[in-house]
Amino acid sequence: MTPHLSDMEFRLLRDLIYEQCGIFLAENKAYLVENRLAGLLEQSGSSTFGEFYLKVKNLPHSDRLCTLMVDAITTNETSWFRDQYPYNVLREKILPEFDRQIAEGRKRRIDIWSAACSTGQEPYSTAITVLDFYTASRKETLCHNWVHILATDISTSSLARANEGRYDSIAVSRGLEQKHLQRYFAQEAKGWKIDDRVKKMVSFRHDNLKLSVQTVQTFDIIFLRNVMIYFSESLKRELLTRMAKLLSPNGYLFLGTGETTSGYTTLFEMVEFGKAIYYRKKP
Ligand SMILES: C[S@@+](CC[C@H](N)C(=O)[O-])C[C@H]1O[C@@H](n2cnc3c(N)ncnc32)[C@H](O)[C@@H]1O
């Protein structure tokens, strides 16, 4: 039987989780900590949540037990072409704009970052949109030379699944059109495997959004979707400011439908396209 999580144990674990990955758990989320970490108690040889806390608290973030704790706490819910509109905006507005700049010699690369990519549906949907776009001009092979998608997440198990690129029939039924399934996936005994044309456009890497990345690279488009909802107000502010620095001039930011930059930073302007809302970095 799983031991009960006391109020004190909840507060200690909540603070540790926040410190490690920025996920902010309100008082009413004790049940979530209890349910999701219960399995790790046995694995770590702890008989109470307090004992588990004492084991994890002094370990480096890279230790397997910390990784498993963060993995258990993250919510990796995702789907193909989630909410549709970011992909419509990409296809109809942003890719034609960037492609014109490339044709005129004013741009050399299109760098896209999927900053909380979960099991890969978001970066792969982006890659499929890019490939579809360039198929019309017969540049679907060539475009790999200038379009690069970096996909990162804190959850190592999600990243491993993303990198494998294998999805069961339930996963492919969530948002994927038949034409894309036929064109970009190969059927296997237990599901579907993403095609190499899509896969080779995406590089997966572990990254913790709570920590500031040491990179000189900038991005033309950042997807930061459905992850800020888990963060504290101060981390949202800090993260959005950091994202603005990592975007190239006039770069674009996509957030989840319930998320906004408003009230956190003035570094972005809101762009509306039909029912879609996205953000452009101010010059
Ligand atoms: C609900 S999923 C959203 C996935 C995708 N962006 C989408 O909109 O479908 C949230 C993802 O954020 C990741 N995440 C949570 N905290 C993170 C952090 N500190 N750094 C990087 N990724 C994080 C989780 O592991 C999870 O895969």
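Trainee: Which domains does the shell around the ligand draw at least three residues from?
Mentor: Keep in mind that this is a predicted model. The ligand shell takes at least three residues from domain 1 (7–73) and at least three from domain 2 (85–281).

Trainee: Which residues come nearest to the ligand?
Mentor: T74, T78, A116, S118 and L209, out of 25 residues around the ligand.

Trainee: And how does that shell split by class?
Mentor: There are 11 polar residues, 7 nonpolar and 7 charged around the ligand.

Trainee: Back to the domains. How far apart are their C-alpha centres?
Mentor: The centres of domain 1 and domain 2 are 30 Å apart. In the contact, domain 1 supplies 7 residues and domain 2 supplies 11.

Trainee: Which helix gives the most on the domain 1 side?
Mentor: Helix α4, residues 64–73, with 3 residues on the side that touches domain 2. By class, that side of domain 1 has 4 nonpolar residues, 2 polar and 1 charged.

Trainee: Now the whole chain. How many helices and strands?
Mentor: The protein chain has 11 helices and 10 strands. Its radius of gyration is 20 Å, close to the 19 Å from the globule rule for 283 residues, so the chain is as compact as a globular protein of that length.

Trainee: What share of the residues is buried?
Mentor: Buried residues are 35% of the 283.

Trainee: And what share of the contacts links residues 24 or more positions apart?
Mentor: That share is 72%, counting contacts with a separation of 6 or more.

Notes
Residues are numbered from 1 along each chain as its sequence is written. This is a predicted model: local features need pLDDT of at least 70, side-chain atom pairs count only at pLDDT 80 or more; totals for chains, interfaces and linings use all residues. Helices (H or I, at least four residues) and strands (E, at least two) are DSSP runs, numbered from the N terminus. The radius of gyration is taken over C-alpha atoms; the globule rule is 2.2 Å times the number of residues to the power 0.38. A residue is buried if 20 or more other C-beta atoms lie within 10 Å of its own, exposed if 12 or fewer, and partly exposed in between; C-beta atoms are placed from the backbone. Two residues are in contact if their C-beta atoms, placed from the backbone, lie within 7 Å. A residue is near a molecule or strand if its C-beta atom, placed from the backbone, lies within 6 Å of it. Ala, Val, Leu, Ile, Met, Phe, Trp, Tyr, Cys and Pro count as nonpolar, Asp, Glu, Lys and Arg as charged, and the others, Gly among them, as polar. Domain bounds come from an automatic or database domain assignment.
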